Structures are given as structure tokens and as C-alpha cells.
Amino acid sequence: MKKKVIKTTCILLVISALSKLLSFLIRIFIARILSSEAIQYYSLTTPVLGFLMTLSQFGIPSALTQMIASRKKAQDTIAAAIVLSLINNFLLIVLCILGIPLYAQIVLHQSVLIPVLYACVPLMPMVMLSGLC
């Protein structure tokens, strides 16, 4: 048991280090290719995308894991999580479609970002599905 925990911890450590390294390399690559104006738009859009991903998952994957571990009827829990996630994502997508122009013009003061922010909207259901699978 102790060896398995140590092995799993080492695997997670290596994967985390690789993830940080790839993120670092991608940022260098983006900085070399994009213009300074494009990097500014990228820097404004990235936190919004992270926030939308957090809202799209709604904490359901971690709650689902905990609920399945404590119950024997996993099917009911999974079905409820899927329904709750679908309702959450539908409402969030409608809110984003209506609110993106206001957010881009009032908060970011960059109406150029409206198409980029709209492009982030289809990612929310994909993030929700990846959290449930």
C-alpha cells in the first residue's frame, strides 16, 4: 500500500512538472509569433476563459467523486450530475451570449475581443463533459 502511494505521488509530480514545462514553452512560442497587440488580447482573454471553465464545471466533478465514493448507487448520482451540469451550462451559455458584448466594451474596453470571447463559449460544454468523464 505504501509503495503504491509513493509511486502515484511520483507519477503526479512528473506529470505536473511536464505540464508546467509545456505551459512555459507554449508561452514562449506565443510571444515569438504574435504581435504585441495580439499578446495583449491573449492576455485579456485567458483569465476570462479560465473563469468560464470554472463556472462551467460548477464544482460538480469533485462533488461527484465524493458522492460516488460514499454511496453504492452511482447511477443516480451520475444522472443527477449530468442533468445539473447541462442546466448550468445552458444558462451560462445564454448569459455569455447576451453579456459578452457588454463585458468586452464596458469592462475590457476592447470591442475587438467580442469574436474571441464568443469563440470561448463552445469550450464550456466540452470542459463540463471532461469533468464528468
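Which residue, with a positive phi, follows α2? The residue is Phe58, and its phi is near 60°. This is a predicted model, in which local features need pLDDT of at least 70 and side-chain atom pairs count only at pLDDT 80 or more, while totals for chains, interfaces and linings use all residues. Residues are numbered from 1 along each chain as its sequence is written, and side-chain values use heavy atoms, with hydrogens and water left out. Helices are DSSP runs of H or I with at least four residues, numbered from the N terminus.

Helix α1 covers residues 2-33 and holds Leu12. Leu12 is exposed, its relative accessible area being 56%; exposed means over 50%, buried under 20%, and partly exposed in between, with a 1.4 Å probe and protein chains only. From Leu12 to Lys2 the separation is ten residues in sequence and 16 Å in space, C-alpha to C-alpha.

The expected span is 1.5 Å times one less than the number of residues. The buried residues of α2 are Tyr41, Thr45, Val48, Leu52 and Ser56. An α-helix has 3.6 residues a turn, so residues three or four places apart point the same way. The buried residues of α2 pack against α4, α5 and α6, where contact means heavy atoms within 4.5 Å.

Helix α4 (residues 74-107) has 34 residues, yet its end C-alpha atoms are only 43 Å apart, short of the 50 Å that a straight helix would reach. A kink of about 50° lies in α4 at Gly99, shortly before Pro101; the bend is the angle between axes fitted to the seven residues ending at a residue and the seven starting there. Among the buried residues of α4 are Thr77, Ala81, Asn88, Leu92 and Cys96. The partners of the buried residues of α4 are α2 (36-57), α3 (60-70), α5 (114-120) and α6 (123-132). After α4 comes His109, with a positive phi near 55°.

On the α3 side, the contact is made by Ile60, Leu64, Met67 and Ile68. On the α4 side, the contributors include Ala74, Ile78 and Leu84.

Notes: Helix = DSSP H or I, 4+ residues; strand = E, 2+ residues; numbered from the N terminus.
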